[in-house]
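Please read them with the structure open.

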Amino acid sequence: MVPGGPFSASGLRHKIDTPLGPDLQWAVSSAPNTQDSDTSGPSPFPSVAPRGELGLTAPIIPSMTPSRPLFSTWPNTGRPQGYFSSPVGVEAGDFYRENGYLVVEDAISESEIVALKAETVRICRGGFGQIKGMVESSHEETDEEVIRKTLCIHFPNKVSELMALEMSHPSLVNILQTVIGPNVKCMQSMLFIKSAGKPGQAWHQDEDYIPTRDRSLTGCWLAMDDATIENGCLWVIPGSHKPGVLWPMKFHNDRRFDCSWESYDYPYTDEQALPVEVRAGSVVVFNGYLLHRSLPNTATAGFRRALVTHYMSAESLLPWLWPEKPTGMGLHDHRDVVLVCGKDPYAYKGVTNVMTAHIRPDGEGGCYTGDDD
Ligand SMILES: O=C(O)CCC(=O)C(=O)O
Ligand SMILES: [Fe+2]
């Protein structure tokens, strides 16, 4: 892949060889970083796939008029507060600024979900080469047996053009323009598979890991399966982004969670936390200062798959990872980024291609604490 991912050359109209065929394409935001990008254009995915193909059991219920709630935490009157339909408007932006998160239902189509699930199998079967940390599989194993070994793949966009293409999905771009602004860049993606029995991730703020300078970090958590309390959906503490403080973090020994550290000493309790149950195809969008977590997948079978992509305003430098060459910290700017809309004021620096796909440790066999010599 070219430095900066598949979108760094100008004016590309991508052809991607997905399990649905080699000719899927859409006009993506691949304009040179100095020009306005174009996120319109045909979807690369066929528009309809029978719901049965997805292995989804719940019937499609119109969002506004369910006779009973689809999820135990939803009100009888319809979907919860903070859930919107695409394209989003001013009201969604207001909710996000106040609460630090929002949900957009039907952000991606069922056929896109089918394609993403098939691509997940292809990645785990080594179709794009061996990924660092991935447990090898044999041909005798079923797709389910193969994918359930892996909790999460970081940077799937570095091996899969389909995953890279999702970073600039028109539904996501519409939301990002509302919650961030006209100029948005993407620096990271993660593909959670989280099969039954896999752990969650303890309370944390994403800016602990990916520091922007203007607090614009925004996660788009795209549900590939219905996400429920039982299978380990996201939980958020509404409004916890507001102080703009990064709370302390520590290693934990809680086997419900993976090896990522946990935040503590923040002025909130678990009683203030909300589970964000969503249907497949919805996206949970959340601010990088919002405290969030997920619990283990306690279902007896199945997966809680989600593709997560992280964004920030293109105006902010990104002091992420140690600089290769000594530089003033004020000038440090990680440039393995993809512009998804608008203009990049730092386009003159060019882009790099330094991040690589790898597997997140899930804590099986213990976590590295940094204590041993
Ligand atoms: O999905 C999860 O289990 C955790 C996701 C998360 O923390 C994130 O996407 O930032
Ligand atoms: Fe997170």
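1. Strand E3 (residues 83-85) and E4 run parallel and are joined by three bridges; strands are DSSP runs of at least two residues (E), helices runs of at least four (H or I), numbered from the N terminus, and two strands pair if DSSP finds at least two bridges between them. Phenylalanine 84 has valine 104 in E4 as its bridge partner. Between E3 and E4 the chain passes through helix H1 (residues 90-99), a right-handed β-α-β crossover (clockwise from the first strand over the helix to the second, with the strands pointing away from the viewer).

2. This is a predicted model, in which local features need pLDDT of at least 70 and side-chain atom pairs count only at pLDDT 80 or more, while totals for chains, interfaces and linings use all residues. Residues are numbered from 1 along each chain as its sequence is written, with chains lettered from A and ligands numbered from 1 in the order in which they are written.

3. E4 also pairs with strand E13 (residues 283-287), antiparallel and over four bridges. There, leucine 102 is partnered by valine 285 in E13. Four of the five residues of E4 (residues 101-105) are buried, so the strand is largely enclosed by the rest of the structure (buried: 20 or more other C-beta atoms within 10 Å of the residue's own, with C-beta atoms placed from the backbone).

4. In helix H2 (residues 110-124), 12 of the 15 residues are buried, including Ile113, Leu116 and Cys124. Just after H2, glycine 126 has a positive phi of about 80 degrees.

5. Strands E8 (218-223), E14 (292-294) and E15 (306-313) each supply at least two residues of the shell around ligand 1 (C-beta atom, placed from the backbone, within 6 Å).
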